[in-house]
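Try each one yourself before you read the solution.

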Amino acid sequence: MPQTNPFHSMVPRKLTDSELARAIRLDMESELDAINLYAAHIDATDNEEAKAILHHIMDEEREHAALFWQLIARLDPAQAEHVKVMSRKYQLIVSGASHEAVEAVGEGEEGTASTEPGLAKRLTVGSLRR
């Protein structure tokens, strides 16, 4: 049975946090793919025993994905800052805030300004609208 060589992508040095974050994103992608695969298997059967096992395994993959997300946030502070800003935008969007209020988040609005230099000054699709 072929197996993935665990050393195929090893570099002759330790990874930086940025490089490790990139690798963990690929790991997270695998977890999300597995969640979708198991959900499809659950939908494709009436076997309750199989569904119970698949649900259990799928929940484990969800936990892994969540843990990877937390690790990425620690390894990549810029990503963590985007999560904070987007969390605020999400809350505004679902509460019915105006487009202008949503787009103002992270652009110097009190309590949501970015700590990453230049993050708030970058062009976005919203900033190009007139």
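A quick definition before we start: a crossing is left-handed if the near helix is turned anticlockwise from the far one by less than a right angle, and right-handed if clockwise. Keep in mind that this is a predicted model.

**Exercise 1. Work out the overall make-up of the protein.**

Step 1: count the elements, which gives 5 helices and 0 strands. Step 2: read along the sequence, and the pattern comes out as α-α-α-α-α.

**Exercise 2. Describe how helix α1 and helix α2 pack, and say which hand their crossing has.**

Two packed helices are described by the angle between their axes and the distance between the axes, so let's get those two values.

Step 1: locate the pair, with α1 at residues 17-43 and α2 at residues 48-75. Step 2: take the values, an angle of about 160° and axes 9 Å apart. Step 3: compare the angle with the cut-off, since angles over 145 degrees count as roughly antiparallel. α1 and α2 are therefore roughly antiparallel to each other.

**Exercise 3. Decide whether L32 and A104 are buried, partly exposed or exposed.**

Step 1: recall the limits, with buried under 20% relative accessible area and exposed over 50%. Step 2: take L32, which sits in helix α1. Its relative accessible area is 40%, so L32 is partly exposed. Step 3: turn to A104, in helix α4 (residues 99-104). A104 has 28% relative accessibility, so A104 is partly exposed.

Step 2: L32 and M58 are 26 residues apart along the chain, with their C-alpha atoms 9.5 Å apart. For A104 and K89, 15 residues apart in sequence, the C-alpha separation is 9.0 Å.

**Exercise 4. Find what lines the largest pocket.**

Step 1: note its volume, about 300 Å³. Step 2: list some lining residues, including N5, P6, R13, K14 and A23. Step 3: group the lining by class, which gives 5 nonpolar, 3 polar and 2 charged residues.

Conventions. Residues numbered from 1 in each chain as written. Predicted model: local features only at pLDDT ≥ 70, side-chain atom pairs only at ≥ 80, totals over all residues. Heavy atoms only, no water. 1 Å grid on protein atoms, 1.4 Å probe; cavity = no way out; pocket = protein on both sides within 12 Å on 5 of 7 lines; lining within 4 Å. Points joined across faces, edges and corners; volume = space filled by probe spheres on them. Nonpolar A, V, L, I, M, F, W, Y, C, P; charged D, E, K, R; others polar. Axes fitted to C-alpha atoms, helices over the stretch in contact; angles between N-to-C directions. Helix = DSSP H or I, 4+ residues; strand = E, 2+ residues; numbered from the N terminus. Parallel < 35°, antiparallel > 145°, perpendicular 65-115°, else oblique. Buried < 20%, exposed > 50% of the residue type's maximum accessible area, 1.4 Å probe, protein only.
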